[in-house]
Amino acid sequence: MAQISATEQPHMKQIDLTTLNIPQLSTLKQQLDQELNLFQESLASLKIAQSKFQTSNETLQNFDSNCEGKDILVPLTDSMYVPGKLIDTKDVIIDIGTRYYVEKDIPAAKDYFQRKTKFVTEQMEKIQILGLERSKIRDAIVEIVEMKLQQQQS
Amino acid sequence: MGEDLQRKLQAELDNLKSAQKELQKAISTRQQLDGQLNENEIVKKELDLLPADNKVYKSVGPVLIKTELVEAKQNVSKRIDYITKELKRVDDLIVSLEKKQDTHREACQKFQHQYQQAQVKAALHA
């Protein structure tokens, strides 16, 4: 769950791409390609996180005090279950990360998952914007490299 | 002359490669720490939102152990401090490794250039 900062690093400065030579440009392009790859991977894992939070939230929608005392099957292993009864349907225990779990009542739990879904969605949007920016720069570099190659040939 | 230069170039190339490897390792450590820091900060934010008497559990292996909220907060803060220090250390390491890599790369380019010139010269004399 990486938080993405949209602010530029302080040591970044503007460089006119046309003043760079071809090896420099290709190193830059390689770096950008790596970054874009990383963005794709991050997006994919954020997507998974997002759907997990959404599923949890949807599950809670069907979970209320009517469920008190209902029969359930408790999984002991992937393929073995024991029957049980639901008690204390007011509260659920949520994994908040780094092996900590907190008890929350249903409205607070719903709020938690909604907040998390929103947070993850925002991070995804940030990455998409960053990715778009990077791929624009990448395209520019490719163009300049082609231009320079043509100049060399003529 | 040519052979000597070739050996130097090869040695420099090896140096460059090992420097790149070290840098890669440092970068992946950094990413890992960064992830841990973020996760801890998210947990801290979540713990800060809770009322003081909220039940908190810590998972130790297969069981959940009840902890005091204050204790959990302290633990997470301590971990954030530690990770921040580690990050600083790795950042410094990355800067120095990048410098090392650049020196080796420059040396490589220099030798490569000399080598090419020597070859051109040899071709002219032949």
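This is a predicted model: local features need pLDDT of at least 70, side-chain atom pairs count only at pLDDT 80 or more; totals for chains, interfaces and linings use all residues.
Along its principal axes, the C-alpha trace of chain A covers about 85 × 35 × 25 Å. For chain B, the corresponding spans are about 90 × 25 × 15 Å.

Next, the secondary structure. Chain A holds 2 helices and 4 strands. Their order along the sequence is α-β-β-β-β-α. Chain B has 2 helices and 2 strands. Starting from its N terminus, chain B reads α-β-β-α.

Helix α2 of chain B takes in residues 69–125. B:Gln119 sits in this helix. How far apart in space are B:Gln119 and B:Asp91, C-alpha to C-alpha? They are 42 Å apart, with a sequence separation of 28 residues. B:Gln119 counts as partly exposed because its relative accessibility is 44%, and that class lies between the 20% limit for buried and the 50% limit for exposed.

Now burial and contacts within each chain. In chain A, 29% of the 154 residues are buried. In chain B, buried residues make up 29% of the 126. Consider contacts with a sequence separation of 6 or more. In chain A, 57% of these join residues 24 or more positions apart. In chain B, the share is 76%.

The surfaces come next. Chain A has an accessible surface of about 10800 Å², and carbon and sulfur atoms account for 55% of it. Chain B exposes about 8700 Å², with 54% from carbon and sulfur atoms. Charge can be treated chain by chain. Chain A carries 18 positive and 22 negative side chains, and the centres of the two sets are 2 Å apart. Chain B has 22 positive and 20 negative charges, whose mean positions also lie 2 Å apart.

Finally, the interface. How many residues of chain B are in contact with chain A? There are 24, and they meet 18 residues of chain A. The area buried between the two chains is about 2000 Å². Carbon and sulfur atoms give 54% of that area. Three residues supply more of chain B's part than any other three: B:Ile42, B:Glu46 and B:Tyr57. Together they provide 29% of the area that chain B buries against chain A.

Conventions:
Residues are numbered from 1 along each chain as its sequence is written. Chains are lettered from A and ligands numbered from 1 in the order in which they are written. Side-chain values use heavy atoms; hydrogens and water are left out. Buried means under 20% relative accessible area, exposed over 50%, partly exposed in between (1.4 Å probe, protein chains only). Contact means heavy atoms within 4.5 Å. Accessible areas come from the Shrake-Rupley method with a 1.4 Å probe; for residues, only the protein chains shown count as cover. Lys and Arg count as positive and Asp and Glu as negative; His and the chain ends are not counted. The place of a charge is taken as NZ of Lys, CZ of Arg, CG of Asp or CD of Glu. Buried area is the accessible area (1.4 Å probe) that two parts lose on being put together, summed over both.
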